[in-house]
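Visitor: I would like a close look at one part of this protein, namely its aromatic side chains. Please take it slowly.

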Amino acid sequence: DSIIIPNRLKTVVYSADSLFGMTQASSLFRDNLVVALGNEEVFAIELFTKLNFVRDSFNYKVIGLPDWSEYHSLDVAYTQPLALTIATNKFVDYQTPDVQNFVINFRREYGIEPEVSRYAFLGYDVAKYFLSALYLYGTDFEDCLKFMDLDLLENQLNFRKIPDAGFEITNWNLIQLRDYQFHMVD
């Protein structure tokens, strides 16, 4: 025998409904995915605090906005059990050999740490990407960008051509908090 449980998408306006609205819209039998659209750190802190109060009754997973990866006051003891996932356009995985080699060479050359906020990784990625495109496809490489597939350090660059407007980057990384560190979601 089996039981069919409806799996409907429910919208909760947290600022109006708070935790009560969340629990009323949640399933006791399935994982509940919370896509949180608030961009204030205090909102994220309150959301994780309250969701942890009901964690024994409901299984939640939370997707946050790109800025959430910069929030330093989020307690990992609250975010990790809720499998915090963030869509971001930049992520450097310091566990990969390519990144580790880049960091060692950067330190040796410049005597400082490469920082994401200082564009060290982005500068490397952009130079590698476009110089490779130039090498592989020549000066008219823009029509061949859809064929470019390089492993980069901070972000994979994927472009979509917009008629009469140029190009738009279409890639987002999904990173998830596991073992007290962010990791790429496969």
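How many aromatic pairs does the count come to by the rule used here?

Guide: This is a predicted model, in which local features need pLDDT of at least 70 and side-chain atom pairs count only at pLDDT 80 or more, while totals for chains, interfaces and linings use all residues. Residues are numbered from 1 along each chain as its sequence is written, and side-chain values use heavy atoms, with hydrogens and water left out. The rule pairs rings of Phe, Tyr and Trp (its six-membered ring) if their centres lie within 6.5 Å, and calls planes under 30 degrees apart stacked, over 60 edge-to-face and the rest tilted; by this rule the count comes to 15 aromatic pairs. One of them joins F43 and W68, whose ring centres are 6.3 Å apart with planes at 65°, so this pair is edge-to-face. Since F43 belongs to helix α2 (residues 41–53) and W68 to the loop between β2 (59–64) and α3 (76–79), the pair ties together parts that are 25 residues apart in sequence; helices (H or I, at least four residues) and strands (E, at least two) are DSSP runs, numbered from the N terminus. Both F43 and W68 are buried, where buried means under 20% relative accessible area, exposed over 50% and partly exposed in between (1.4 Å probe, protein chains only). Ring pairs also link Y94, F102, F106, Y110, F121 and Y124 into a cluster. F147, by contrast, counts as exposed because its relative accessibility is 52%, and its place is in the loop between α5 (120–137) and β4 (159–162).
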